[in-house]
Amino acid sequence: MESSEQRINFLFAGPRPLDVVKINYKKMELLHNLGIDGRLLLAQLINFIILLAVLYKFAYGPVLKMLEERTKKIEKGLKDAEESQKKLAEISEKEAAVLVEARKNAQQIIKKSEESAVKNAEDIVALAKEQSDRLLEQAQRQIEQEKAKIMAEVKAEIAGLVVAATGKIIGEKLDAEKDRELINRSIR
Amino acid sequence: MEISLAPEIIFHIGSFPVTNSLLMTLVLSAIIILASLSLRNKLKLVPKGFQNIFEYVVEAFLDLIDSVTQNREQTRKFFPIVMTIFLFVILSNWIELVPGLGTIGINEEHHGKMILVPFIRSASADLNVTLAIALISVFTAQFMGIAAIGAARYAGKFFVNPLRRPYFIGTFVGILELISEVAKIISFSFRLFGNIFAGEVLLIVMLNLVPYFVPLPFLFLELFVGFVQALVFAMLTLVFLKMAVTAHDH
């Protein structure tokens, strides 16, 4: 009874169509004809709920978390990249400024050193001139002194010589006092 | 050739009938569970292989649900049930494409005739399965509706005081809404069952008429039908969920 009610002979409906499509208007009979069985229905319900729970726990949860994490990471990466780009631009700007400053400083230093070198050279020249002047003066003074000394010596010598010569010529010696007086007069 | 509306019973455990569609459901569930377990173990921040495919499907569904709910929080709430219904329904629809449909089975004697009891039968070609998912879909909508807007306001959708505006029209509409909730269960289950059962019959008939090449276009057709029916089931569930959590504005 069970199988003849349950089955519909599709293509070869032939012999007992009424038997097969005999629609029983009792509710349970209708459900039975459609193949609905309370025990099977319950089994399918439980099966689906288990499936849902397992998927929720092992697939959806972790995957959604992963997706979120990745989104966050990518956003952070993009932000970082933008920031570092900005920082790089800032740094290169700073670098250029520093370079300009350094160049200016270097130029200043060169200029200053040039100036000081020129000044030093002038100083040195001046000092040298002063020194040489002084040396020259000293030398002149020394020469003068030497000359005076030599003159004096020469004078004394000449006086002696003259006395000797005169004594020889005159043949006799005047007394010493007269002699000196005479010499001195003749020399002058 | 016998084609039965009801799933064929392969054997009994005690008095519990084990049908071919129940067997298929169990195999399918085992495959899904194993796949999700292996997915969980291999989950990486940089996706690879199967994870890529799954993530692609997940993202597509998230966007789809977002376009209906316009609300990320609701999307997160609806996503598991909608996604599971889609996955389960599409895979159970596609069982009919597995080679051996209607041909591999046990020969049994019924009322003096030899009948082939096939092992393979789409889970969706069994009203028990489609009814079970339809019940879950509709009842989830009721629970989410109550959780979202409160039991009293949710009941107010169906039971309207006839002494207040718009008087009896409101009451009548409320009763109609109540009936439509029941009708949803029937339309859900019979739509899916009808489509897949018809597809299965079509494939078996074609296979028996011309075994070579002729069934091919029908296989592709059934591939498409299986996808569309799964999408329809999931989308309708989503829409009903959204309607349930939206309060009536008077």
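## Where two chains meet

How many residues does the contact take from chain A and from chain B? In this predicted model, chain A supplies 34 residues and chain B supplies 44 residues.

Let's look at the chain A side. Three elements of chain A each give two or more residues to the side that touches chain B: α1 (2-6), β1 (7-8) and α4 (38-170). The biggest giver is α4(A), with 22 residues.

What kinds of residues does chain A bring to chain B? On the side of chain A that touches chain B, 22 residues are nonpolar, seven are polar and five are charged.

## Chain A as a whole

Now step back and follow chain A along its sequence. Its pattern reads α-β-α-α-α-α, which comes to five helices and one strand. Of the 188 residues in chain A, buried residues make up 6%.

## Two helices crossing in chain B

Chain B has a helix pair to find in the structure: α2 (residues 50-69) and α7 (residues 215-245). The axes of these two helices of chain B come within 10 Å and cross at roughly 35 degrees. Is the crossing of α2(B) and α7(B) left-handed or right-handed? The crossing of this pair is right-handed.

From α2(B) come I65(B), V68(B) and T69(B), and they meet L238(B), V239(B) and K242(B) of α7(B). Sorted by kind, the residues in this contact of α2(B) with α7(B) are four nonpolar, one polar and one charged.

How values were computed
Residues numbered from 1 in each chain as written. Chains lettered and ligands numbered in written order. Predicted model: local features only at pLDDT ≥ 70, side-chain atom pairs only at ≥ 80, totals over all residues. Contact = placed C-beta atoms within 7 Å. Helix = DSSP H or I, 4+ residues; strand = E, 2+ residues; numbered from the N terminus. Nonpolar A, V, L, I, M, F, W, Y, C, P; charged D, E, K, R; others polar. Buried ≥ 20, exposed ≤ 12 C-beta atoms within 10 Å, placed from the backbone. Axes fitted to C-alpha atoms, helices over the stretch in contact; angles between N-to-C directions. Left-handed = near helix turned anticlockwise from the far one by under 90°.
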